[in-house]
Amino acid sequence: MSGSGSGQQDVDIDLGGLFRAVWDRRVKVLLATACVAALAFGAAKMISPDYQSETRVLIESREPEFSGPNQASQAGADRVFDESGILSQVQVLRSADLIKQVARNMKLYELKEFDPSSAPSAISDLLVMLGLKKNPLELAPEERVLKEFNEKLQVYQVEKSRVIAIAFTSKDRQLAATVPNEMAKVFLALQSGAKLDTNSEATRWLEPEIANLREKVRDAEAKVAAYRASSDLLPTGETTNFATRQLTDISTELARVRGERANAEARAAGVRSALASGRAPDTITDVVGSQMIQRLKETEANLQAQVADLSTTLLDGHPRLKALKSQLEGIRGQIRSETHKILTSLENEAKVGELREQQLVQQLNGLKAQSAQAGEEEVGLRALEREATAQRQLLETYLSRYREATSRTVENATPADARVISTAVVPTSASFPKVLPITIVAALATFLLSCVVIMLGELFSGRALRPVSASGERVAPMRPRPALAASATDTPIVATETAPEVAPLVDDAVDLLPAAEAPAMDTDTTEAATEPDFSIEAVAEHLRAAGARVAISVSPGGDEGSTATVMLARLLAEDDVKVVLIDLTGSACPTRLMARSPQLPGITNLLAGEVPFTDTIHADRFSDAHVIPQGDADPRQAMRGIERLKMIIDALTNAYDLVLVECGPADEMAVEKIAGRDSAEIILSAPSVSDERIVEVLTGFGAAGYRDIVLMTGQVEPGPEYPDRDAA
């Protein structure tokens with residue numbers, strides 16, 4: 001503990017003394033350790049051994065190869081891989097239904113280990129008869145087996161993995177391995193069965209849905225067909241109907257007719273232009289291509305050849321030449337006549353094309369009106385087709401899922417989402433008790449506990465505490481001197497230097513103790529020697545002799561009595577007594593006399609919880625005593641923590657030889673709140689106080705139950721106000 005504001009250590013723990021105390025009692029410590037180790041060894045040997053074995057199961061998604069990639073099922077399987085999914089599987093393994101199934105499969109209810117209540121002991125029957133224990137036979141056998149099973153079972157998730165460990169403890173090592181393997185087997189069967197149940201439920205649900213969807217698809221397609229027939233929207237392809245196709249054909253034909261007409265008009269214009277310009281008709285393609293023109297041209301060529309042949313031997317007036325020339329002119333006239341026919345034919349062809357074009361335009365206009373109406377009617381048709389398509393797609397989806405679910409309803413078609421990666425084996429050694437570890441731990445615990453008890457005893461007794469002087473050096477603790485005060489059974493005596501006649505006024509309820517008897521010097525002073533001494537020196541000697549640890553000083557006269565208490569503390573400090581004075585006065589007289597400044601933190605700050613404990617202890621200016629001043633905290637707030645005062649005083653007694661509490665003019669009720677009864681010396685510091693007032697105070701304390709009170713009436717003078725202790 002820090003004894004001043006500078007943080008000096010007033011008390012230190014003597015570690016060497018602690019270890020010496022343990023060494024001095026080493027025989028007892030070793031004997032206790034050996035006895036407890038032997039008892040632990042014997043008890044561990046007498047306990048029936050338990051065996052434990054473990055099975056480990058890996059949680060993973062397992063789908064049959066024929067199922068193919070199914071996104072929905074994969075998404076569902078992935079959910080068991082998260083932390084909550086693994087913990088859920090742990091709870092499934094601990095479920096009552098699974099355990100009961102294992103118990104039925106292995107007939108555990110026939111084993112006494114799992115149903116010890118079936119043969120209760122006499123003590124158990126007696127407790128049941130007295131109503132102190134519930135009759136275990138009232139529970140069903142399965143419930144009793146379930147309770148015992150759960151006590152022996154451990155199911156946990158292996159850290160940072162998807163592995164679940166199933167550990168089971170039993171008196172039978174074979175059973176310890178069989179039970180977790182059976183649990184894993186039942187767990188896998190339940191997982192697979194759950195999948196089968198899911199597929200069966202899906203199949204049962206899909207069957208009526210598929211039948212309903214088939215009717216809906218049939219109705220939707222019938223509506224589409226009826227609407228097509230009523231609206232003349234007969235389909236001619238994937239995206240066209242009859243009206244649209246007809247409009248397309250008419251448009252194509254119209255374009256073709258217009259092209260032929262334009263071609264005919266162009267050819268007729270060419271023939272007409274050639275005839276008008278006098279060009280040879282044989283330069284025109286349509287004329288040259290005519291078979292009649294070609295025959296006439298051949299005839300003309302033959303006649304020209306004959307005329308040319310005969311002109312070499314005959315004159316122009318020869319009748320033969322004239323006849324040939326006449327025939328040649330006739331042929332040429334036929335050619336011109338045939339050319340006009342070709343022109344007329346082309347003109348007629350152009351007129352026919354024009355008429356055909358007019359007809360096609362009329363048909364096109366009519367089909368446009370029909371196509372516009374068909375477009376409006378197709379809106380309703382597309383709505384019906386969409387409905388029919390949606391129903392058809394839903395039906396196909398349901399049919400696909402129905403086929404898949406049906407294929408998984410057979411046995412072994414849906415493996416469980418788990419597999420055993422480590423089966424339990426028959427254990428070779430017991431899991432409990434571990435004889436050697438139990439013996440070592442018991443021996444070590446006994447040894448440490450014995451050492452701790454010895455050390456605590458040394459600390460609480462104060463033998464292991466060494467006071468430290470202000471300079472930091474350790475000093476030997478003060479030994480209390482022989483008691484100088486009279487006992488409580490002595491005759492009550494009250495005497496002061498100023499008023500020895502007070503004795504008859506004191507009630508017998510209070511045993512007023514003389515602080516010390518004055519030593520006899522000679523025969524002349526015999527009478528004075530027998531009179532009690534109530535001086536400050538006598539009170540200090542009484543406190544040393546009595547070995548008092550706590551003293552409560554009450555000053556009915558106010559600051560004069562508080563000053564005497566300060567002088568008492570300084571006198572004790574001069575005799576190498578570690579003393580601390582707590583200022584609980586209202587006037588703060590001890591604070592003014594001892595502390596360097598009245599603004600230092602003190603007892604009110606400590607009670608209010610504003611400062612730590614060590615900051616409230618300060619050195620006296622004129623002695624080696626310490627003081628806890630009044631402080632500058634709010635008194636009302638400090639009074640709320642007045643219950644802590646006893647704790648503070650108890651803590652100070654561990655560091656000081658004497659804790660002196662100056663209460664000022666307090667009454668017996670206030671003193672009782674501070675130190676209780678028979679736990680501290682009560683000092684009545686009453687210099688220059690009237691005898692009547694002393695008797696009144698003593699009577700009040702006697703009525704409150706205080707029997708022994710030390711009276712201090714020595715006259716004192718306050719010390720000089722030096723700035724520091726060194727000046728004093």
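Analyst: What follows goes from the aromatic pairs to a helix and its faces, then to a surface patch, and ends with the salt bridges.

The model is a predicted one, and the values below are computed from it. Phe114 sits in the loop between helix H5 (96-106) and helix H6 (122-129), while Phe168 belongs to strand E4 (residues 163-170), so the contact ties together parts that are 54 residues apart in sequence. Phe114 has a relative accessible area of 0% and is buried, and Phe168, at 0% relative accessibility, counts as buried too. A cluster of ring pairs takes in these two residues, linking Phe114, Phe149 and Phe168.

Phe701 is buried at 2% relative accessibility, and Tyr706 is buried with a relative accessible area of 4%. Phe701 is among the buried residues of helix H22, which also include Asp691, Ile694, Val695, Val697, Leu698, Gly700 and Gly702. H22 covers residues 691-703, 13 residues in number, and its reach of 18 Å from first to last C-alpha is close to the 18 Å expected at 1.5 Å a residue. Just after this helix, Gly705 takes a positive phi of about 105°.

Which residues of H2 are buried? They are Val29, Thr33, Ala37, Ala40 and Ala44. Viewed down the helix axis, the buried residues of H2 fall within an arc of 65°, so they line one face of the helix. On the face of H2 turned away from the buried side are the exposed residues Val27, Lys28, Leu31, Leu39, Lys45 and Met46.

On the surface, Leu30, Leu444, Phe447 and Leu448 form a nonpolar patch, which has about 370 Å² of accessible area together. Helix H13 (residues 435-461) gives the largest share of the patch, three residues. Phe447 has its place in H13, and at 33% relative accessibility it counts as partly exposed.

The charged contacts amount to 17 salt bridges. One of them joins Arg419 to Glu60, with the closest N and O atoms 2.4 Å apart. Arg419 lies in strand E5 (residues 418-422), and Glu60 is found in the loop between strand E2 (51-59) and helix H3 (71-78), so the bridge ties together parts that are 359 residues apart in sequence. Arg419 counts as partly exposed, at 36% relative accessibility.

Within helix H15 (residues 536-546), the side chains of Arg544 and Glu541 also meet in a salt bridge, at 2.4 Å from N to O. These two residues are three apart in H15, about one turn of the helix. Arg544 has a relative accessible area of 6%, and because buried means under 20%, Arg544 counts as buried.

A further salt bridge is formed by Arg592 and Asp559, whose closest N and O atoms are 3.4 Å apart. This pair links distant parts of the chain, with Arg592 in helix H17 (residues 589-594) and Asp559 in helix H16 (residues 559-574), 33 residues apart. Elsewhere, salt bridges that share partners join Glu253, Arg256 and Glu260 into one network.

Key:
Residues numbered from 1 in each chain as written. Predicted model: local features only at pLDDT ≥ 70, side-chain atom pairs only at ≥ 80, totals over all residues. Heavy atoms only, no water. Helix = DSSP H or I, 4+ residues; strand = E, 2+ residues; numbered from the N terminus. Expected span 1.5 Å × (residues − 1). Buried < 20%, exposed > 50% of the residue type's maximum accessible area, 1.4 Å probe, protein only. Phe/Tyr/Trp six-rings, centres within 6.5 Å; stacked < 30°, edge-to-face > 60°. Patch = residues over 30% accessible without salt bridge, like charges linked within 9 Å, V, L, I, M, F, W, Y side chains within 5 Å. Areas by Shrake-Rupley, 256 points an atom, 1.4 Å probe, with all protein chains shown as cover. Salt bridge = Lys/Arg side-chain N within 4 Å of Asp/Glu carboxyl O. Arc of directions from axis to C-beta.
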